[in-house]
Amino acid sequence: MYKLFSAHKTQTTRRQRGFFTPLIFSTCLLILSAVPLGQAVAERDSFRVCWSIYVGWMPWGYGAEAGIVNKWADKYGIDIEVVQINDYIESINQYTAGEFDACTMTNMDALTIPSAGGVDTTALIVGDFSNGNDAIILKDETSLSAIKGQKVNLVELSVSHYLLARALDSVSLAEKDVTVVNTSDADMVSAYTTKDVTSVVTWNPLVAEILKMPGATKVFDSASIPGEIIDTLMINTQTLQENPNLGKALAGAWYEIMQNMQESADVRASMGKASGTDLAGYEMQLASTHMYYAAGDAVDFVNSPDLLQTMQYVAEFSFTHGLLGEGAPDAGFIGIATPAGIFGDADNVLLRFDPTYMQMAADGKL
Amino acid sequence: MSRSRRWINAQPSMFLKITLGLLPFLVLLLVYQYQSDARKAENPKDKLLPSFSEMSAAVDRHAFQPSKRTGQYLLWRDTASSLTRLLSGIAIAALLGLTFGLATGAFPMFDALSTPVITAISLIPPMAILPILFIVFGLGELSKVVLIIIGISPFITREIYLRTKEIPAEQLIKAQTLGGNSSQVVFRVLLPQIAPRLIGAVRLSLGSAWLFLIAAEAIAATDGLGYRIFLVRRYLAMDVILPYVVWITFLAFVLDRLLILISQKSFPWYHDD
Amino acid sequence: MTNTEPLIQLERLGKSYNSNCVLENITTSVNRSEFITLVGTSGCGKSTFLKLLLGTEAVSTGTLSIAGAPVHAEPSPDRGIVFQRYSVFPHLNVRQNVALGRELEDTRIFGRQFNAKRKQTMEEADHWLKAVGLQDAADKYPHELSGGMQQRLALAQALLKQPQVLLLDEPFGALDPGIRKDMYQLVLKLWENHRLTIFMVTHDLAEGFYLGTRLWVFDKVRHDPHEPELYGSTITYDLPVDERGDARRLVEDTLTNELNKDIPQKAAL
């Protein structure tokens, strides 16, 4: 059954949801739960990292293939297995369940899945933020305020939903002014071609695809909320504390990959190919992605008070949509630590932005 | 007399049969409980294997308390939406399957005309032509029902066709010697005998119907059991997903039982063999 | 009936499937109220002959006419049939099975009757059920009946239409010997009471002698060892069964022997 949908895979890959994985996942739970839990072992020398296909995470695939990750792992005397997972949400769930030590995800999904699930998580590497990659598109309308009263097709509770909330805020509308229709990203492009669908919120390369169609106008995109949709490598905080070498190896590898990527069109072309497009297509996606090629820039971004503000927006959005769990009394239920300060409950910090390892890379100490 | 029976001859008593039947469920529950407790001991907020109390709290929130955002009782609304889609899809698919299966089975000319095309259509994986379905039927309720129809009616058609062909030629000849014309043979000999077999075919296709329903709800929806599961998966709310899965299983079981009951009440001659 | 014309006439009748010749060169005639039994080895064409009469197979060469008209190659109510199995409708109870023949005369599409007409038909059905001894089983479904009772029902179904010809295709082949004996009495009684014209295929020569007034043996007269399909069967013997009394005794003895043979065997098990 699953095979049938793979045709869509190459086209739409970020933050993707599989069709039957939830059911299979649920029914496999008992089998999975029969596997004895690995008790926390302080120091280990073998680790697993997962990633999924998205413009800002393609470097992991390249780094694993080109042996860069292995090289850095060897340097610190550890093993790192890098696994690509086709289904984005599934990869986060696996990380949350403890199957992986680190995983690529957005700031919002990190808060609502592992952190809300009690897994203390740290943003080890801030790779990029969406700078136009996520957009709101209207059919036959040219201004955002025309969205009032419309049905809006998007992947509910994803960064698209967050973008919509922020956009509505900017024109003094609220979510109750529209009807959100949860729509699979795999079917977003074909959904747009039907007459029922008048507005969509989605991400690249789907945005580019939809904008090619008649009547489609981009009325809002993530460039208007720069730095709010952040793509990171999240790592289990406890694992990191007990195994600083893992953090060093990953950060070291990442910035070597970044250098290669920035310098070589061939490297970018191979990343584009791996994500189902070509160099031109990949560069177009990069154009609306603010990559932090230099570790120092990423450190500055994490240190900025803007990040604290952003995480407050994200936490408030997550709280009002029930993503922090039913037990959460307010948006600050889960504490979020950034260098500029802590948002929310300082006694319940479960999401951390820690520039330590990126700083080491910037200082050339790795 | 104390000679022990061979195991192949040992029949459980009624009490033992029920006990044995329940045993694996009990074991599964205990294993779950144990594993859940173990995970909770390590991380009290673990979401992967929620405790039974967390699940019952989730059921309470979804079934017996109005949603904070919409004021609706989510479980019942989801159930009503899903069942409406499922039952209308199944009903229409059954009617289509009956009509085409009976017509192809009874009339060789119609068989020659339509069986090749029906066979070809039945081989198309419905999920692969979703974009076409959207363009033709839109993204609303219609396309969800249509997906179920397209998903299961070829199977029902084929099943009815085969079952019609199975009715002994002797009966058709006999009916003609009793003065029956084509239409009378269809309505008085074939249709009444096919009716219970249609219920059988529908029962066999229930599983696929659920699968297509959940797939349809995953694609674009604002409510439904499949919608909810896909939505809350976004934040790994297994405390909601697991009760929903159990509820879906229960509904599927009840539907199946109901169909057997209807068949037994309506067509006793078919079941007493 | 003053009509002295034979009811059925066959003129150089032949039947072949492509190059496979099954029946050839049959010329004979049958009068009303004759009871013809058809015997022969398997594959001799006796069943094919019955199908030609029934109309489920078409004549290839020659002619076959009933009451002066060539038979239409489709079953119709003037020719009743009882098969060895599957002659009754499992979804109808016994009375409804018999009544169906009358009900189909009304409402061309659905074949149903209502009210007074329906009541009359049901009474008529009960009359025929009594004639075959099924009056106590009128409300049962076929699966609740024994093999013999099912065949009684099939006879009643056919008789209600009062066909010109009644065709029986090995009707007792699946029955136990004891039941078979009762069925013989029933068929002979119906044949006499209703002046039926009957064709019965049987693989049991004794049965053929016992029931028929005329016994036809089907066989090939010409053989080509290289092409066995070249020539078909014909009626090699057309025997009038005059000594019915003797034949009957013979059959009764045989059946009794068969029964006696069965009993010790079963007991041994």
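A: Let's walk along chain B: from the N terminus on, its elements run α-α-α-α-α-α-α-α-β-α-α-α. That comes to 11 helices and 1 strand, where helices (H or I, at least four residues) and strands (E, at least two) are DSSP runs numbered from the N terminus. Keep in mind that this is a predicted model: local features need pLDDT of at least 70 and side-chain atom pairs count only at pLDDT 80 or more, while totals for chains, interfaces and linings use all residues. Residues are numbered from 1 along each chain as its sequence is written, with chains lettered from A and ligands numbered from 1 in the order in which they are written.

Of the 273 residues in chain B, 41% are buried (20 or more other C-beta atoms within 10 Å of the residue's own, placed from the backbone; exposed is 12 or fewer, partly exposed in between). The C-alpha atoms of chain B fill a box of roughly 80 × 75 × 30 Å along the principal axes.

Now for the partner. The contact takes 42 residues from chain A and 42 residues from chain B, two residues being in contact if their C-beta atoms, placed from the backbone, lie within 7 Å. On the chain A side, α2(A) gives the largest share, 6 residues.

Strands meet here too: 2 bridges join β7(A) to β1 of chain B (residues 220-221), and the two run antiparallel. Strands pair if DSSP finds at least two bridges between them. Within β1(B), Ala220(B) is the bridge partner of Thr183(A).
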